Amino acid sequence: MIAFTRVASIAPARNGEAIAAAHEIARYMKGAYGVEFEVLLPVAGHPQRVAWSSRHADLAALDALNTRIADDARYWEIMRRAAGNFLAGSMHDSIWRTASQ
């Protein structure tokens with residue numbers, strides 16, 4: 001199992017708009033691709049952040065999703081509208097795998 005997380009810093013005075021945009025993106029991903037993205041806020045540390053987290057069967061499934069959204073005009077329109085709510089260059093992606101026993 002692969003866990004994907006993307007973290008973005010929220011632009012000053014844009015908390016409400018950023019969280020709303022984060023949920024819009026998550027809803028779109030669920031509706032268009034059937035992939036559940038959870039919207040997360042930090043409990044500690046730098047508070048002006050939002051994250052999305054999703055699970056995938058394997059790296060191939062994550063790669064297939066990324067390939068599909070690369071040409072998705074609707075996805076990129078949502079991202080363009082949301083861009084002003086986040087600090088440019090602040091997004092950071094992490095890809096984790098579950099640990100076997």
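# Pockets, helix packing and selected residues

The lining of the largest pocket consists of 12 nonpolar, 1 polar and 2 charged residues. In this division, Ala, Val, Leu, Ile, Met, Phe, Trp, Tyr, Cys and Pro are nonpolar, Asp, Glu, Lys and Arg are charged, and the others, Gly among them, are polar. The model is predicted: local features need pLDDT of at least 70 and side-chain atom pairs count only at pLDDT 80 or more, while totals for chains, interfaces and linings use all residues. Residues are numbered from 1 along each chain as its sequence is written, and side-chain values use heavy atoms, with hydrogens and water left out.

## Pockets

The largest pocket has a volume of about 230 Å³. Its lining is made of 15 residues, and Phe4, Arg6, Phe37, Ile69 and Tyr75 are the ones nearest the centre. Strand S1 (2-9), H1, H2 and helix H3 (73-82) are the elements that give two or more residues to this lining. H2 contributes the most, with 4 residues. Helices (H or I, at least four residues) and strands (E, at least two) are DSSP runs, numbered from the N terminus.

A pocket is an open set of points on a 1 Å grid over the protein atoms alone where a 1.4 Å probe fits, with protein on both sides within 12 Å along at least five of seven lines; lining residues have an atom within 4 Å of a point. The volume is the space filled by probe spheres set on the points, which are joined across faces, edges and corners.

The second largest pocket has a volume of about 150 Å³. Ile25, Trp76, Met79, Arg80, Ala82, Ala83, Phe86, Leu87, Ala88, Gly89, Ser90 and Met91 line this second pocket. H3 supplies the largest share of that lining, 4 residues.

## Helix packing

Helix H1 (residues 15-33) packs against helix H2 (residues 59-70) at an angle of about 100 degrees, and the two axes are 12 Å apart. H1 is therefore roughly perpendicular to H2. The H1 side of this contact is formed by Met29, Ala32 and Tyr33, which meet Leu65, Arg68 and Ile69 of H2. These contact residues comprise 5 nonpolar, no polar and 1 charged. Contact means heavy atoms within 4.5 Å.

H1 also packs with H3, at an angle of about 175 degrees and with axes 10 Å apart. The two helices are therefore roughly antiparallel to each other. From H1, the residues in this contact are Ala21, Glu24, Ile25, Tyr28 and Met29, and from H3 they are Arg74, Tyr75, Ile78, Met79, Arg81 and Ala82. The H1 contact with H3 divides into 8 nonpolar, no polar and 3 charged residues.

Axes are lines fitted to C-alpha atoms, for helices over the stretch in contact, and angles run from 0 to 180 degrees between N-to-C directions. Angles under 35 degrees count as roughly parallel, over 145 as roughly antiparallel, 65 to 115 as roughly perpendicular and the rest as oblique.

## Selected residues

The table gives the accessibility of some residues.

| Residue | Relative accessible area | Class |
|---|---|---|
| Val35 | 15% | buried |
| Ser53 | 17% | buried |
| Leu59 | 52% | exposed |
| Ala13 | 71% | exposed |
| Ser100 | 71% | exposed |

Buried means under 20% relative accessible area, exposed over 50%, and partly exposed in between (1.4 Å probe, protein chains only).

Val35 sits in the loop between H1 and strand S2 (38-40).

Ser53 belongs to strand S3 (residues 49-56). With neighbours within four places in sequence set aside, Ser53 is in contact with Phe4, Thr5, Glu36, Phe37, Glu38 and Leu40.

Leu59 is part of helix H2. Not counting residues up to four places away in sequence, Leu59 touches Ile2 and Ile95. Between the C-alpha atoms of Leu59 and Gly34, which are 25 residues apart along the chain, the separation is 17 Å.

Ala13 is located in the loop between S1 and H1. Its phi is near 60 degrees, a positive value in a residue other than glycine. Most residues other than glycine have a negative phi.

Ser100 is in the segment after strand S4 (92-97). From C-alpha to C-alpha, Ser100 and Met1 are 9.9 Å apart in space, although 99 residues apart in sequence.
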